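Keep the chain in view while reading.

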Amino acid sequence: MAFRDKDLRTPGPVTVDGRQLKRYHIDQPERPIEPEVEKAAYDLLPALLPDTGDGTPAAGWVVLHRGADTGAYLLAYTWVWDNVVRVRSAAAGQPALDCPDDDPTHFVELDRPWAGCVWELAVLEHERAAWVEHVLAPERPDLSGYLTDTRAEGPVGR
């Protein structure tokens, strides 16, 4: 199959266990993320988040990505040590990643050192710049500005 862009949506931030997270959803143009997949992913999200005790503003972003097949992927990116990104991920419906079945709501944590795929990394590019712009560069960090600065919705991949 030839490479193609996917759709990116930004449903707005969410607070989970005291951590403020931007949300990005990546899906197929002809098949939006199903509500039951979204619910299952966000039910697991707290397990992917670190403690917030290192003094870094408790913020980050989450990517929920629905694959073209049975797979669904959840990546939780959080800021630590002021300028470092930590990522933990989970997958559902992808037996090749040791998921127990092809159910896209049956998320399991992954223990792989992967940062994301080409569609997810487009969000990471934006988030690095937004963190520098709103949190690291100003004399006073502007966490509210960071949380409202999201990558534009629309095609993502190229």
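## Terms and model

Buried means under 20% relative accessible area, exposed means over 50%, and partly exposed is in between (1.4 Å probe, protein chains only). By that scale E34 is buried, with a relative accessible area of 18%.

This is a predicted model: local features need pLDDT of at least 70, side-chain atom pairs count only at pLDDT 80 or more, and totals for chains, interfaces and linings use all residues. Residues are numbered from 1 along each chain as its sequence is written, and side-chain values use heavy atoms, with hydrogens and water left out.

Helices (H or I, at least four residues) and strands (E, at least two) are DSSP runs, numbered from the N terminus.

## Salt bridges

The whole structure holds 9 salt bridges. A salt bridge here is a side-chain nitrogen of Lys or Arg within 4 Å of a carboxyl oxygen of Asp or Glu. Three of them are described below.

E34 and R66 form a salt bridge, 2.9 Å from N to O. E34 sits in the loop between strand 3 (19–27) and helix 1 (35–48), and R66 in strand 4 (residues 59–66), so the pair ties together parts that are 32 residues apart in sequence. R66 is buried, at a relative accessible area of 5%.

R88 is partly exposed at 28% relative accessibility. E109 is partly exposed as well, with a relative accessible area of 39%.

D5 forms a salt bridge with R158, with the closest N and O atoms 3.8 Å apart. This pair links distant parts of the chain: D5 in the segment before strand 1 (6–9) and R158 in the segment after strand 8 (154–156), 153 residues apart. D5 is partly exposed at 26%, whereas R158 is exposed at 75%.

How many of the 9 residues of strand 3 are buried? The count is 8, and the strand is mostly covered.

Strands pair if DSSP finds at least two bridges between them. Strand 1 and strand 3 pair in the antiparallel sense over 3 bridges. There R9 stands opposite H25 of strand 3. Strand 2 (residues 14–16) also pairs with strand 3 in the antiparallel sense, over 3 bridges. In this pairing T15 faces Q20. The hairpin of strand 2 and strand 3 has 2 residues between the strands, and D17 takes a positive phi near 50° there.

I26 stands opposite H65 in strand 4.

## Helix 1

Strand 3, helix 1 and strand 4 make a left-handed β-α-β unit. For a right-handed crossover, with the strands pointing away from the viewer, the path from the first strand over the helix to the second runs clockwise.

Helix 1 has 14 residues, which at 1.5 Å a residue should span 20 Å; its end C-alpha atoms are 20 Å apart, which agrees. The expected span is 1.5 Å times one less than the number of residues.

Which residues of helix 1 are buried? They are V37, A40, A41, Y42, L44, L45 and L48. Their cover includes strand 2, strand 3, strand 4, strand 5 (72–80), strand 6 and strand 7, where contact means heavy atoms within 4.5 Å.
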